[in-house]
Amino acid sequence: MKRINENNSFKAYVMGNYALARAMIESRVRVITSYPGSPTPEIAEALSYFKDRDFYFEFSSNEKVAIEKAAGASLNGHLSCCFFKSVGLNVASDSFIQLSMMNLIGGMVIIIGDDPGANSSQNEQDNRHFSRMSYIPMIEPTSVEDAYLSYKKAVNISKKYQMPIILRITTHIAHSKGIVEFGEIDNKYYDWKSFYNKNNGPYVPVASTVFPLKTKAIEKIEILKNDIDFKKSNFILNLKESTTRLIVSSGLAFSASVEAVKNNDIDCDIMKLGFTYPIDKNFLKEVFSKYDDVIIIEELDRVIETEIKAIAFDLGVNLKISAKKDKHLMRELGVSEVLEIISDIWNIKINPNKIEFKKKSFPRFPQLCPGCGHRSAFFAIKNAIDKDDITVADIGCHTLGFLPPYEIGEILLSMGHSVSTASGLAIKNKNRKVIAFMGDSTFFHAGLSGFLNASILNTNIILIILENGTTAMTGHQPRLGTGEVGEKINLEDFIKGCGVKFVKSVDAYNQSKLKEYLKEAKDYEGFSVIIAHHPCMLKFTREMKIKNPNYKPSKVEIDEKLCGLKKICVSQFGCPSFVNEDKKVSVNEELCIGDGSCIQTCPDKAIRHKREVK
């Protein structure tokens, strides 16, 4: 989508994340920070098309650093933006929660990618609660085009009130496509002069200042209510000339509601809440005066429902307000779910032929890529640990070690938790060894605090760092220390410099050496670290194909004369390149990359590199 870099206005069919990137450039955002996490990484991919523009972008070490860096830029007078996934806000929250009390003179928009359905997250965290807790306004777009327009609206509000604005998107807004009419890009010279002035503060929320600052944040919300045209931001789609029924919705649930109502000719109007925080009482009072029966349709928690019911009670409005049942407090709301909610409440019979039925499909078993170093490491580790050993997982590709055939990693809380959680499991634990796993990107993201705690206290656990040199799970974004961005860091030297006495480093493909080091670590009393390193082979093969379009990875083959059909390669090593048949095991050459990590797993030595046909 290279055309996205054009200076002139044009229409294009683009992904939501690409539309947001274009909106940033058109709005002249100067500083953009992020930590990769679905559903937002493609924003960075789209921004890469604008490398010639005068703005600063970085993938920070974690979301807290990202939001603090963006806030600092705004305090300096530069319009900033920070984006990350839903659970990333937990990491950033310590500083995020203070932002409404800060006079952000440059303006700042925070894009939060929530994930109803937990498509790529460990939960369905509904971050609308954070906007209310922090007194930060929130806009929720309903489509790709609306995301583009809403971002520009958020910028204007943020700059005017010198306050942060949340733009909350969800997975389908980020990843779906739509037609957007883009505006022009202003390429005027930008003066990077520092405009920071302590008189714009105070910027230190301590006992003597925190209450005036909080009062100011609350007052800004009230001023916003009086100044924003809620009739434009929150509009009513009149589908019937005369109806007493209304659906109130926001985000993607609004789009699903429109489709459900139109396709089934349901007698009601639909109101879109663009601003979901704050919600204006006067606007609602005017709207509710025209209806007798209201259904609130929203994804996940009862956020809008609770707030609107409270407002209606305060206003003394006499109308029936209904909402979804508990079963719809989870997963995404599609057209079929919306129809189910409507039919349950209004007792409307829906034409079965017009319901969006979900087609049944065979479940796709999640698995590591062919050639992944984690697979080789897990195979070796599985054969070197005792059944009573406790293994603690972390966030990353290696989380899949929890699944068969490896079944390694029994506990998962959050990104970077594994060392601290393992340390808790090791307290007074004399009989069972505790082994924590962590990826190198996660190590720099949120693992350092727990790691240093274990190192200084010499906690009796084993940490296995599965180093592949990238943030692989979200699309191979660079991590600190690889040399792609900033200085290169030798991970082994870094760990030794932090005081760890037992540190071993081994190629994850070298299974015998990894098992040897693991045995030594299990006999060691204290904190031990093993770095099992190997490049992400998916990233490696892609880079090789870019360098040489004719590049073809080698393959392995199975000597059927030697194969004793023990099927260790399938049942225990678990590479998806092997095809398990009744009387033989074969190799799927479309998947095989010929890395050879499987060769050492075969007790019959039947796997070998494929011989060239001359």
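**Ground rules**

The model is predicted, so I ask for pLDDT of at least 70 for local features and count side-chain atom pairs only at pLDDT 80 or more, while totals for chains, interfaces and linings use all residues. Residues are numbered from 1 along each chain as its sequence is written, and side-chain values use heavy atoms, with hydrogens and water left out.

**Entry: the whole chain**

I began with the overall numbers. The protein chain has 20 helices and 23 strands. Its radius of gyration is 27 Å, close to the 25 Å that the globule rule gives for 614 residues, so the chain is as compact as a globular protein of that length. (The radius is taken over C-alpha atoms, and the rule is 2.2 Å times the number of residues to the power 0.38.) Along the principal axes, I get a C-alpha trace spanning about 80 × 65 × 55 Å.

Next I checked burial, where buried means under 20% relative accessible area, exposed over 50%, and partly exposed in between (1.4 Å probe, protein chains only). Buried residues come to 54% of the 614. The chain exposes about 28800 Å², of which carbon and sulfur atoms supply 51%. That area is Shrake-Rupley with a 1.4 Å probe; for residues, only the protein chains shown count as cover.

I also looked at contacts, meaning heavy atoms within 4.5 Å. Taking those between residues at least 6 apart in sequence, 77% join residues at least 24 apart.

In what order do the strands of the open sheet run? I read S9-S11-S10-S13-S14, 5 strands with mixed pairing. Two strands pair here if DSSP finds at least two bridges between them. The edges are S9 (236-237) and S14 (320-323), each pairing on one side only.

I then zoomed in on S10 (residues 245-249) and S13 (residues 293-297), which run parallel and are joined by 5 bridges. Within that pair, Arg 245 stands opposite Asp 293. Helix H11 (residues 281-288) packs on the sheet and touches S9, S10, S11 (269-272) and S13. I get about 175° between the directions of H11 and S11. My axes are lines fitted to C-alpha atoms, for helices over the stretch in contact, with angles from 0 to 180 degrees between N-to-C directions. Helix H13 (residues 335-346) lies across S10, S13 and S14, at about 150° to S13.

Most residues other than glycine have a negative phi, and most peptide bonds are trans. I went looking for exceptions.

Gly 201 and Pro 202 are joined by a cis peptide bond, omega about 15°. Pro 202 sits in the loop between strand S8 (177-182) and helix H8 (210-227). Pro 404 to Pro 405 is cis too, with omega near 10°, and Pro 405 falls in the loop between strand S15 (390-392) and helix H15 (418-426).

Which way does phi go at Ala 118, positive or negative? Positive, about 50°, although Ala 118 is not a glycine. Ala 118 is in the loop between strand S5 (108-114) and helix H5 (128-134), and it is partly exposed at 30% relative accessibility. Tyr 135 has a positive phi as well, about 60°. I place Tyr 135 in the loop between H5 and strand S6 (138-139), partly exposed at 24%.

**Entry: salt bridges**

My cut-off is a side-chain nitrogen of Lys or Arg within 4 Å of a carboxyl oxygen of Asp or Glu. The whole structure gives 34 of these.

Lys 272 meets Asp 146 at 2.9 Å, N to O. That pair links distant parts of the chain, strand S11 and helix H6 (residues 144-161), 126 residues apart.

Lys 225 and Glu 222 pair at 3.3 Å. Both lie in helix H8, 3 residues apart, about one turn of the helix; Glu 222 is partly exposed at 39%.

Glu 520 and Lys 504 bridge at 3.9 Å between the closest N and O atoms. Glu 520 is in helix H18 (residues 511-523) and Lys 504 in strand S18 (residues 502-507), 16 residues apart. Glu 520 is partly exposed at 31%, and so is Lys 504 at 26%.

Last, I noted a salt-bridge network linking Asp 114, Asp 126, Arg 128, Glu 140, Arg 168 and Glu 298.

Methods
Helix = DSSP H or I, 4+ residues; strand = E, 2+ residues; numbered from the N terminus.
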